[in-house]
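Please look over the sequence and the model before reading on.

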Amino acid sequence: MTKQEFLNSLEKKLYAFPKEEKEERISFYSEMIDDRMQEGKSEEEAIDELGGVDKVLNDILEDTTLISIVKERVKPKRRMRPWEIIFLILGFPLWFPLLIVFILLCLVGYLLVWIGVIVCYAIEAGLGAAAIYSLVGFFYQLFIGNFSMTYFGGFMMSVGGALLFIFACIGVTKATIKLSKATIRHIKSWFMKKEA
């Protein structure tokens, strides 16, 4: 693949980007290829080091906010006609509540993904509180003259459970972050697709 083919392919895939940002990205990768060619690499080697158009596109998507992609994608490409404006105004009582419901459902769905993390840390906090309660209870029983190992056993079980459960909390948090990033990347790539 030549430099020009690479840049043309990248430009086609950056369809939903704002014009200035698209030009900036293309000139950035053009300079990267030129720099590598100045170091003595061939054009193909320089492009291969970048990892291909799809990898470059994924890197760009990682760095670009979802809001900027959506804003560019939904920006009108032409002026609205008078009948379209009238239709929007008259349809406002219908489409606006539907839009609000859609946004709220998206937010609820995103929060549901994080519920697992919240529950894990709530259980961890409960185990920690149980350990503290059991330890205080053990010393209180010693203070009043009762030597009861029940509280000490509860303390040991709570501390052990908390220490083991922290690994589950960390694992669930990492998995949720990974899922969130993948979901946002998927939404970004969905907005990047050209209309048929």
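F92 and F96 both lie in helix α6 (residues 82-144), where they are four residues apart and so separated by about one helical turn. The model is predicted. Their rings form a stacked aromatic pair, with 4.9 Å from centre to centre and 20° between the planes.

**Exposure of the stacked pair**
- F92 has a relative accessible area of 39%, so this residue is partly exposed.
- F96 is also partly exposed, because its relative accessible area is 35%.

**A tilted pair between two helices**
- The ring centres of F138 and F152 are 5.2 Å apart and the planes meet at 50°, which makes this pair tilted.
- F138 belongs to helix α6 and F152 to helix α7 (residues 149-192), so the pair ties together parts that are 14 residues apart in sequence.
- F138 counts as buried at 9% relative accessibility, whereas F152, at 28%, counts as partly exposed.

**Aromatic pairs in the whole structure**
- Eight aromatic pairs are found when the whole structure is searched.
- F138, F139, F152 and F155 are linked into a cluster by ring pairs.

**The largest nonpolar core**
- The largest nonpolar core consists of 16 residues.
- F6, L10, L14, Y29, V56 and I60 are the residues with the most contacts inside this core.
- At least two core residues come from each of α1 (3-13), α2 (19-38), α3 (43-50) and α4 (53-63).
- α4 gives the most to this core, supplying five residues.
- In soluble globular proteins, nonpolar side chains tend to be buried together.

How values were computed:
Residues are numbered from 1 along each chain as its sequence is written. This is a predicted model: local features need pLDDT of at least 70, side-chain atom pairs count only at pLDDT 80 or more; totals for chains, interfaces and linings use all residues. Side-chain values use heavy atoms; hydrogens and water are left out. A nonpolar core is a set of buried Ala, Val, Leu, Ile, Met, Phe, Trp, Tyr and Cys residues joined through side-chain atoms within 4.5 Å. Buried means under 20% relative accessible area, exposed over 50%, partly exposed in between (1.4 Å probe, protein chains only). Rings of Phe, Tyr and Trp (its six-membered ring) pair if their centres lie within 6.5 Å; planes under 30 degrees apart count as stacked, over 60 as edge-to-face and the rest as tilted.
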